[in-house]
Amino acid sequence: MTRDFWLPHRIVMAALFAALVVWCVMTLRWDWLPDYLGLAAQGIWRTLWLLALSLLLGMTLAVPLGLAQAAGPLWLALPARSFCTVIRGTPLLLQLWLLYYGLGSLFPQIPWIRQSDLWPILRQAWPYGLLALTLSFAAYEGEVMRGAFRGVGKGQLEAAKSMGMPRLTILRRIWLPQALHRALPTLGGETVLQLKATPLVATITVVDIYAVASRVRQDTFITYEPLLLLAVVYMAITGLIVLAFRHFERRIPTRTA
Amino acid sequence: MTKIALSLAAALMMTGAAMAETVKVGIAAEPYPPFASPDAAGAWTGWEVDMIGAVCKAAEMECEIVPVAWDGIIPSLTSGQIDAIMASMSITEERLKTIDFSDKYYNTPTVIVGPKGMDMAATPEGLAGKIIGVQVSTIHEAYVQKHFAATAAEVKLYQTQDEANQDLIAGRIDATQADSIALDAFLASAEGMACCESKGAVADDTEILGLGVGVGLRKGEDDLKAKFNAGIAKILADGTYEAVSKPYFASSIYGG
């Protein structure tokens, strides 16, 4: 494995990369870093959980959205279709601001909401960020899942039906696993895109890792170093996502007819 | 080869000379009424915009107004995209490490604004347990971090004062701190009048609140600094300052 990996061109690339890193460390200013390490760790953590939760909730919505469009009756397919079209047709930043500055500023005008136990959560910014990210992911993945559900061979579903398998069991054991497997490479890419959509929440006062980098620039007037560090952090998270999906793709065996 | 080099050098010198004629004055690209805000046509108006015109005229300079995002305004100055900053930027020790300033051209009190009827005061005890919103990288942020952060529930940072005001209306923050004039304008608006009131001025701290607002300049540009200082002195002496301020403020904001 290691023998195969360290080919001459890779050794040259690695050496160049190492030289670049050393050059960055030696010539650029990093004296601000210790002061902001705690804040940066909080920021990375917030970025990660926003990503994870929005992926989880978004995917939970995407499966029924895809199914409704692929096989549902018209009264289910039409709303699902409209939802996906509207969300995919408008910028995420716009949705985020509509939720935060629109919906979020309507709430305090309703006295029972302001007095309720939910208010301490509703007055914070992250629920609106999470909601916007979740809806966006659900709409894009709803569309991906529609295609994936359609792509599973009709013959298999008909065969299962003729054997007397209940419809939910067909979905659980045949239709969904194959659809997910088909969609997996696309979902990997979409997850990386979702990661890079998260910095938008910084515009509504959520302090994610991007907001921390802006803070460093605004406090110290140092521009490039925090941005470089930010790029490294996002690349590292992207690397982890890619590795995780490669693992999933290997683990789920291909069983197409 | 020499010919090309020579003509290139000549071209460079000419552009250099042409650039020296107009002074690019950076203003913050975010609305900050009544100092600077874009009208319906996108033209910038306000006290500070008029003041740029008056100072430049008095100092006999050609000035061009360049809107720059607030959080990048000092890098724009140091990298030469603009030559001066007139964006209600207070003179502080921290900023003097990076840039230079002219004499002050105004200095106003700093106040706390909060929802009507909510019990608070512009003191650390009076703001205990409250969520305070301030514009990032301003003297107000520095002041709040130093004096109120220990007792307040949370300090939220905003890119613009406008967003902090919106969140004050929406009840997401309990108080905001800014220049009295900027907040008076907010309190005079329909939304501001309905929700909020002034909770008084904060105690002075010249170390943070500084020495008033001056023109931000690159270090070492003493000629330009002298010109701005002369312009400011001239309009203060000949009554132009009063005349420019009258439409905007009830009393002089030059301060003590």
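Helices (H or I, at least four residues) and strands (E, at least two) are DSSP runs, numbered from the N terminus. The model is predicted: local features need pLDDT of at least 70, side-chain atom pairs count only at pLDDT 80 or more, and totals for chains, interfaces and linings use all residues. Residues are numbered from 1 along each chain as its sequence is written, chains are lettered from A and ligands numbered from 1 in the order in which they are written, and side-chain values use heavy atoms, without hydrogens and water.

Volumes are the space filled by probe spheres set on the points, with points joined across faces, edges and corners. One cavity of 30 Å³ or more is present. The largest cavity holds about 90 Å³. Helix α3 (residues 73–78) of chain B supplies the largest share, three residues. Six lining residues are nonpolar, three polar and two charged; here Ala, Val, Leu, Ile, Met, Phe, Trp, Tyr, Cys and Pro count as nonpolar, Asp, Glu, Lys and Arg as charged, and the others, Gly among them, as polar.

A pocket is an open set of points with protein on both sides within 12 Å along at least five of seven lines. The largest pocket has a volume of about 830 Å³. It is lined by 34 residues, of which A:Thr205, A:Val206, A:Val207, B:Lys156 and B:Leu157 are the closest to its centre. Two or more residues each come from α3 (33–71) and α11 (209–220) of chain A and from β9 (154–158) of chain B. The most, six residues, come from α11(A). By class, the pocket lining has 18 nonpolar, seven polar and nine charged residues.

Buried residues (under 20% relative accessible area, 1.4 Å probe, protein chains only) of α10(B) are B:Leu224, B:Phe228, B:Asn229, B:Gly231, B:Ile232 and B:Ile235. They cover an arc of only 160 degrees around the axis, taken from the directions to the C-beta atoms, and therefore lie on the same side of α10(B). The face turned away carries the exposed (over 50%) residues B:Asp223 and B:Ala237. Just after α10(B), B:Gly239 takes a positive phi of about 90 degrees.

Conventions: On a 1 Å grid over the protein atoms alone, a cavity is a set of points where a 1.4 Å probe fits but cannot get out, and a pocket is an open set with protein on both sides within 12 Å along at least five of seven lines; lining residues have an atom within 4 Å of a point.
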